[in-house]
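Have a look at the model, then read on.

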Amino acid sequence: MGSLGQLPIWASKPCIMGIDEAGRGPVLGPMVYGCLYCARSYQKTLSTLQFADSKTLKEEKREELFEELKTNESIGWAVDVIDPRDLSAKMLKKNKINLNEISHNSAIGLVRKTLELGVLLTEVYVDTVGDPEKYRVKLSEIFPAIKFVVAKKADSVYPVVSGASIVAKVTRDRALRDWVLDETAENMQRNFGSGYPGDPETKAWLDNHKHAVFGFPTLVRFSWGTCNAYSKDNVEVVWESDANDEDEHNGRASKRQVKLTSIGFTGVKRKSEDIESNGKGRCKFFQARKLELLSQF
């Protein structure tokens with residue numbers, strides 16, 4: 001997931017790094033964090049490579065620049081691709097991890113992995129997520145030997161962050177373009193547009209690919225508020241919980257049912273007699289896969 005095989009000579013000299021993300025806002029596909037790094041002495045040359053905020057460049061230009069930097073032996077790069085299922089799982093788990101923290105952890109991971117490769121990072125420039133100063137302090141406490149510059153619109157100010165922006169954006173675009181849908185229904189289509197909530201094509205795709213019980217395909221970040229509007233007619237899914245869970249609450253060894261309405265499965269209620277306590281009334285999907293309730297996430 002990056003450019004380095006054998007560590008180049010320049011990596012043992014003081015180096016700078018830029019970090020940026022792509023796909024923070026979309027309801028579809030992964031969020032990608034990218035970094036680009038080079039020797040500090042290469043910084044002036046870097047500013048001549050026409051790197052810019054990826055959002056200001058046409059797709060063809062981004063692809064061209066990405067291919068150029070991949071073959072540039074004076075530049076290193078890496079990405080962290082965060083699957084939409086991971087995003088939703090972290091944001092909906094019992095001890096929730098918000099999107100800012102997920103973003104911070106991804107950036108921290110890129111710095112840590114680059115250091116582990118043996119690159120001598122002395123300066124890191126980051127496009128901020130949240131308050132710039134608080135983010136800078138957080139990073140500095142973890143990596144005290146590195147000078148951090150955290151700023152809004154860093155991708156349009158610092159060429160090394162602009163390069164990271166291109167790495168992240170092109171990687172996400174390719175991931176979305178080449179995405180293999182896990183679902184095998186005959187009506188599955190790929191015309192999902194940009195993946196942003198305001199895109200009419202994305203809206204239409206979401207509306208046509210919702211399931212009353214199983215929700216959305218795995219491409220969708222079902223934790224996004226955008227999905228709630230498409231879940232109004234979904235059936236209410238209920239599960240059995242272990243007696244031990246009930247004991248923790250009221251000390252009685254009896255089974256209860258947990259309503260999974262917190263993830264968008266709301267709407268038509270099922271009659272209690274339709275759900276058998278022994279599990280025989282469950283959908284064949286669950287029976288075939290021997291799926292069981294997990295009380296701890």
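Of the contacts in this chain between residues at least 6 apart in sequence, 68% join residues at least 24 apart. Keep in mind that the model is predicted. The chain has 297 residues, with 44% of them buried, and its secondary structure comes to nine helices and seven strands.

**The annotated site**

Which residues does UniProt mark as "binding site"? The record, an unreviewed entry, puts that feature at Asp20, Glu21 and Asp127. The three span 108 residues in sequence, but no two of their C-alpha atoms are more than 8.1 Å apart, so they gather at one spot. Asp20, Glu21 and Asp127 also belong to the lining of the second largest pocket.

Take Glu21 to begin with. Strand E1, residues 15-22, is where Glu21 sits. Once you skip its neighbours within four places in sequence, Glu21 is in contact with Val32, Tyr33 and Ala168.

Now for Asp127, which lies in strand E4, residues 121-127. Is Asp127 buried or exposed? It has a relative accessible area of 13%, and a residue counts as buried under 20%, so Asp127 is buried. Leaving out neighbours within four places in sequence, its contacts are Ile19, Asp20, Tyr135, Ala151, Lys152, Lys153, Ala154, Asp155 and Val161. Asp20, from the annotated set, is one of these contacts. The Asp127 side chain also reaches a backbone nitrogen, that of Lys153, at 3.2 Å.

Lys153 is placed in the loop between strand E5 (147-151) and helix H6 (159-177). Even though its backbone nitrogen is reached by the side chain of Asp127, Lys153 is exposed, with a relative accessible area of 59%.

Gln50 also has a positive phi while not being glycine, with a value near 65°. You'll find Gln50 in the loop between helix H1 (43-46) and helix H2 (59-70). Gln50 counts as exposed, at 52% relative accessibility.

**Helices H4 and H5**

Two packed helices are described by the angle between their axes and the distance between the axes. For H4 (residues 99-117) and H5 (residues 132-142), the axes come within 12 Å and cross at roughly 35°. The crossing of H4 past H5 is right-handed. On the H4 side, the contact is made by Ser103, His104, Ala107, Ile108 and Arg112, and on the H5 side by Tyr135, Lys138, Leu139 and Ile142. Tyr135 turns up among the contacts of Asp127 too.

Lys138 gives a residue-level view of this packing. Lys138 is part of helix H5 and is partly exposed, with a relative accessible area of 29%. Its contacts, neighbours within four places in sequence aside, are His104 and Ile108.

**Two loop residues**

Gly130 lies in the loop between E4 and H5. At 40% relative accessibility, Gly130 counts as partly exposed.

How accessible is Leu219? At 0% relative accessibility, Leu219 counts as buried, although Leu219 is found in a loop, the one between helix H7 (200-208) and strand E6 (238-241). Setting aside neighbours within four places in sequence, Leu219 is in contact with Val27, Leu28, Gly29, Pro84, Leu176, Trp179, Leu181, Phe192 and Trp205.

**Sequence gap versus distance in space**

Here are some pairs involving residues discussed above.

| Pair | Separation in sequence | C-alpha to C-alpha distance |
|---|---|---|
| Lys138 and Ile108 | 30 residues | 9.8 Å |
| Gly130 and Ala151 | 21 residues | 9.9 Å |
| Leu219 and Pro84 | 135 residues | 6.3 Å |

Key: Residues numbered from 1 in each chain as written. Predicted model: local features only at pLDDT ≥ 70, side-chain atom pairs only at ≥ 80, totals over all residues. Heavy atoms only, no water. UniProt positions renumbered as here; feature names shortened; annotations may be inferred. 1 Å grid on protein atoms, 1.4 Å probe; cavity = no way out; pocket = protein on both sides within 12 Å on 5 of 7 lines; lining within 4 Å. Helix = DSSP H or I, 4+ residues; strand = E, 2+ residues; numbered from the N terminus. Contact = heavy atoms within 4.5 Å. Buried < 20%, exposed > 50% of the residue type's maximum accessible area, 1.4 Å probe, protein only. Polar contact = N/O pair within 3.5 Å; in protein donor to acceptor, adjacent residues only side chain to side chain. Axes fitted to C-alpha atoms, helices over the stretch in contact; angles between N-to-C directions. Left-handed = near helix turned anticlockwise from the far one by under 90°.
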